[in-house]
Amino acid sequence: MYMFYKAAIYILLVILLGACASGQEDTPREQNGQQTVISLSPHLTEIIYALDAEERLLAGTDFCKYPPAAQKKASVGGLLNPNIEKIVTLKPDIIMGVPAHKELKVKLSEFGLKMTLMPNDRIADIYNTIEHMGRLLNIPENARQLIQSIKDSLAYYEEKAAQWNADDVEAMLVIGREAGTTRQVSVIGPRTFIDSLWTLVGGRNVFSGMN
């Protein structure tokens, strides 16, 4: 059982480190041959580092804490309410966000800034995001290698899960709660990438039947 949970935690970290995009833009402007980036989501920041493109990252958010080196980058503030003035001042070539940033994308367009929104609901979304980022940053081979590495890891632990016969392990996947209490608990529902990963390694989500 310990090995089951160890593998499950590892595979979640793999996909988060890794983690057809909507709102895709044309290839952005270049500065000295390389595009500069602002990331508005922790998983996008992690992917930028995993692609070895961190030197192009101008800023992230207050929540971009992994890898640890990301905390040394400038921050544009909150995840959903970043400092628009600071973003404009930094003049990035690319602003990367998620569908929840739809209204922000409109506001930034008023300043002539283009923003790409990348879905992250499912495992396939993460693959597509990595591929799209590879194209935007002109490092498609880095993206291909990262995707293949993640797929290989997932295949390995899926095979291990089948050997463990751990299908009866049921869990509530908690991603947030009011500090020090059991109030305001946020859980993972079905048809999400974390739910998919838990299922892949042999687990069952308590809320898999939730609509």
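Helices (H or I, at least four residues) and strands (E, at least two) are DSSP runs, numbered from the N terminus.

**Ground rules**

I'm working on a predicted model, where local features need pLDDT of at least 70 and side-chain atom pairs count only at pLDDT 80 or more, while totals for chains, interfaces and linings use all residues. I number residues from 1 along each chain as its sequence is written, and side-chain values use heavy atoms, with hydrogens and water left out.

**Overview**

I looked up the secondary structure and got 7 helices and 9 strands. Next came burial: buried means under 20% relative accessible area, exposed means over 50%, and partly exposed is in between (1.4 Å probe, protein chains only). Of the 211 residues in the protein, 44% are buried. I also noted an accessible surface of about 11600 Å², with 52% of it belonging to carbon and sulfur atoms. Those areas come from the Shrake-Rupley method with a 1.4 Å probe, and for residues only the protein chains shown count as cover.

Most residues other than glycine have a negative phi, and most peptide bonds are trans. I went looking for exceptions.

- Asparagine 138 is not a glycine, yet has a positive phi of about 60 degrees. I logged asparagine 138 as exposed because its relative accessibility is 58%.
- Lysine 91 is not a glycine either, and its phi is positive at about 50 degrees. I found lysine 91 in the loop between helix 3 (84-90) and strand 4. It counts as exposed, at 60% relative accessibility.
- The peptide bond from tyrosine 66 to proline 67 is cis, with omega near -5 degrees. Proline 67 lies in the loop between strand 2 (57-60) and strand 3 (74-75).

**Cores**

Which residues touch the most other members of the largest nonpolar core? I got Leu51, Met96, Ile130 and Met133, out of 38 residues in that core. Helix 2, strand 4 (94-97), helix 5, helix 6, strand 6 (169-171) and helix 7 (193-200) each supply at least two of its residues. Helix 6 gives the most, with 7 residues. There is also a second, separate core of 11 residues, and I spotted Ala59, Ile87, Ile95 and Leu104 among them. For the record, a nonpolar core is a set of buried Ala, Val, Leu, Ile, Met, Phe, Trp, Tyr and Cys residues joined through side-chain atoms within 4.5 Å.

I then checked leucine 51 for contacts (heavy atoms within 4.5 Å). Skipping residues up to four places away in sequence, leucine 51 touches Ile130, Met133, Gly134, Ile139, Asn142, Ala143 and Leu146.

**Serine 41**

Is serine 41 buried or exposed? Serine 41 is buried, because its relative accessibility is 7%. I placed serine 41 in the loop between strand 1 (37-39) and helix 2 (42-50). Its side chain makes a polar contact with the side chain of histidine 43, at 2.8 Å. A polar contact is a pair of N or O atoms within 3.5 Å; within protein, one must be able to donate a hydrogen and the other to accept it, and residues adjacent in sequence count only if both atoms are side-chain atoms. Leaving out neighbours within four places in sequence, serine 41 is in contact with Thr61, Cys64, Leu79 and Val98.

**Salt bridges**

How many salt bridges does a search of the whole structure find? The search gives 4. The rule is a side-chain nitrogen of Lys or Arg within 4 Å of a carboxyl oxygen of Asp or Glu. I wrote down these, among them:

- Arginine 135 pairs with glutamate 131, with the closest N and O atoms 3.9 Å apart. Both lie in helix 5 (residues 123-136), 4 residues apart, about one turn of the helix.
- Arginine 144 meets glutamate 141 at 2.7 Å, N to O. They are separated by about one helical turn because they are 3 residues apart in helix 6 (residues 140-164).
- Glutamate 178 meets arginine 183 at 2.8 Å, N to O. Glutamate 178 is partly exposed at 32%, and arginine 183 is partly exposed at 49%.

I found valine 185 in the loop between strand 7 (174-176) and strand 8 (186-187). Valine 185 is partly exposed, with a relative accessible area of 38%.
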